[in-house]
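Open the model in your viewer and keep the sequence panel beside it. Each stop below says what to select and what is there.

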Amino acid sequence: MTTDTATDVFEEHRPVLLGVAYRMLGRLADAEDVVQEAWLRWSRADRGDIREPRGYLVRVTTRLAVDRLRQIKSRGETYVGPWLPEPYVTDFGDAVPDTAERAVLADSVSLAVLVVLESLSPLERAVFVLREAFGYPYAEIAAMLERGEAAVRQLAGRARKHVDEGRPRYDVDPAQRRDLTERFLAAAADGDLAGLMAMLAPDARLVGDSGGKSRAPLRVLESSDKVARFFLGVARKGIPDVGFRFLELNGGPALLILSAGKPDSVIQMDVADGRIQLVYIIRNPDKLRSLSAV
């Protein structure tokens with residue numbers, strides 16, 4: 001395999017490798033570092049002995065991501081306020097034509113799922129991602145992680161149980177989510193408290209992620225009244241030279257708010273039974289850098 005061919009093969013599989021690494025780490029910069037390291041190992045490998053490049057590359061990427069996740073956890077790093085994953089553009093386009101497969105991939109990268117995955121062990125998280133998001137057989141996952149198949153099945157069972165228990169159930173209709181988002185923000189701009197309350201579930205919650213680097217709630221806001229009044233306060237203060245853009249982030253519609261053309265925040269809402277159940281606001285500037293170019 002020539003160098004040019006090796007590069008082409010790697011680039012063909014790069015989206016899958018980045019998808020695995022991001023779901024493992026929840027941080028785009030870390031995921032890109034892992035994929036870059038996978039490339040270095042691929043470029044140095046004796047590729048004549050590699051019969052299935054995709055399997056080899058996914059195995060290398062997964063092991064690197066497990067190691068990186070252990071380092072992150074072992075640092076015991078403190079984070080100011082609630083933590084949310086870095087927003088990830090997931091416009092699958094024609095790359096994933098099957099509707100069912102798109103739904104699985106979108107769910108596995110949703111903010112709700114990634115938040116729950118943070119509480120899994122690195123190996124549980126790897127097994128969950130490979131099995132649930134990418135459909136790898138247990139035997140292949142066992143080979144990738146150098147574990148017995150029985151042990152991998154146990155890891156998968158624990159991870160699935162934990163995710164099912166920790167993940168709230170929401171409607172996934174993107175048109176409904178976008179419509180509610182637009183109407184909610186319009187009501188906030190109009191100062192319409194009653195209109196906001198009508199769109200929120202009584203036990204609605206707001207999770208804001210600023211990392212202590214911008215203004216956002218340092219605790220989860222709980223109740224429709226608190227969430228509605230927070231948005232009214234934001235609307236009254238305003239954002240300088242504000243602009244808006246809808247994107248598909250983490251498998252669903254999200255609003256990118258710009259200030260003077262630069263990313264200021266991302267808002268995404270989870271909906272159930274026609275009402276907003278959970279609002280995510282990401283304002284940590286470190287997590288918005290990748291959106292400057294979209």
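Which residues does Ser-223 touch, not counting residues up to four places away in sequence? Select Ser-223 and look around it: the residues it touches are Pro-202, Asp-203 and Ala-204. Keep in mind throughout that this is a predicted model.

**Stop 1: Ser-223**

Ser-223 is in the loop between strand E2 (221-222) and helix H11 (224-237). Ser-223 and Ala-204 are 19 residues apart in sequence, while their C-alpha atoms are 5.1 Å apart in space. Buried means under 20% relative accessible area and exposed means over 50%. Ser-223 has 24% relative accessibility, so it counts as partly exposed.

**Stop 2: helices H9 and H11**

Select helix H9 (residues 174-189) together with H11. Two packed helices are described by the angle between their axes and the distance between the axes. For H9 and H11 the angle is about 60 degrees, and the axes are 8 Å apart. The two helices are therefore oblique to each other, and the crossing of H9 and H11 is right-handed. To see the contact, show the side chains of Phe-184, Leu-185, Ala-188 and Ala-189 in H9, then those of Phe-231, Leu-232 and Ala-235 in H11. Sorted by class, the contact of H9 with H11 has seven nonpolar residues, no polar ones and no charged ones.

**Stop 3: two loop residues with positive phi**

Select Asp-241, in the loop between H11 and strand E3 (242-249). Its phi is near 45 degrees, a positive value in a residue other than glycine. With 60% relative accessibility, Asp-241 counts as exposed.

Next select Ala-260, in the loop between strand E4 (252-259) and strand E5 (262-272). Phi of Ala-260 is near 55 degrees, again a positive value in a residue other than glycine. Is Ala-260 buried or exposed? At 52% relative accessibility, Ala-260 counts as exposed.

**Stop 4: helices H6 and H7**

Select helix H6 (residues 122-133) and helix H7 (residues 138-145). They pack at an angle of about 140 degrees, and their axes are 10 Å apart. H6 and H7 are therefore oblique to each other, and H6 passes H7 in a right-handed crossing. On the H6 side, show Leu-123, Ala-126, Val-127, Leu-130 and Arg-131; these meet Tyr-138, Ile-141, Met-144 and Leu-145 in H7. The residues of this contact of H6 with H7 divide into eight nonpolar, no polar and one charged.

**Stop 5: the nonpolar cores**

In soluble globular proteins, nonpolar side chains tend to be buried together. Which residues touch the most other members of the largest nonpolar core? Select Met-24, Trp-42 and Leu-117: among the 52 residues of this core, they touch the most other members. Elements that give two or more residues to this core include helix H1 (3-25), helix H2 (28-44), helix H3 (53-74) and helix H8 (149-166). H1 gives the most, with 11 residues.

Stay with Met-24 and show its contacts. Not counting residues up to four places away in sequence, Met-24 touches Ala-65, Val-66, Leu-69, Pro-122, Arg-125, Ala-126 and Val-129.

Key: Residues are numbered from 1 along each chain as its sequence is written. This is a predicted model: local features need pLDDT of at least 70, side-chain atom pairs count only at pLDDT 80 or more; totals for chains, interfaces and linings use all residues. Side-chain values use heavy atoms; hydrogens and water are left out. Axes are lines fitted to C-alpha atoms, for helices over the stretch in contact, and angles run from 0 to 180 degrees between N-to-C directions. Helices (H or I, at least four residues) and strands (E, at least two) are DSSP runs, numbered from the N terminus. Angles under 35 degrees count as roughly parallel, over 145 as roughly antiparallel, 65 to 115 as roughly perpendicular and the rest as oblique. A crossing is left-handed if the near helix is turned anticlockwise from the far one by less than a right angle, and right-handed if clockwise. Contact means heavy atoms within 4.5 Å. Ala, Val, Leu, Ile, Met, Phe, Trp, Tyr, Cys and Pro count as nonpolar, Asp, Glu, Lys and Arg as charged, and the others, Gly among them, as polar. A nonpolar core is a set of buried Ala, Val, Leu, Ile, Met, Phe, Trp, Tyr and Cys residues joined through side-chain atoms within 4.5 Å. Buried means under 20% relative accessible area, exposed over 50%, partly exposed in between (1.4 Å probe, protein chains only).
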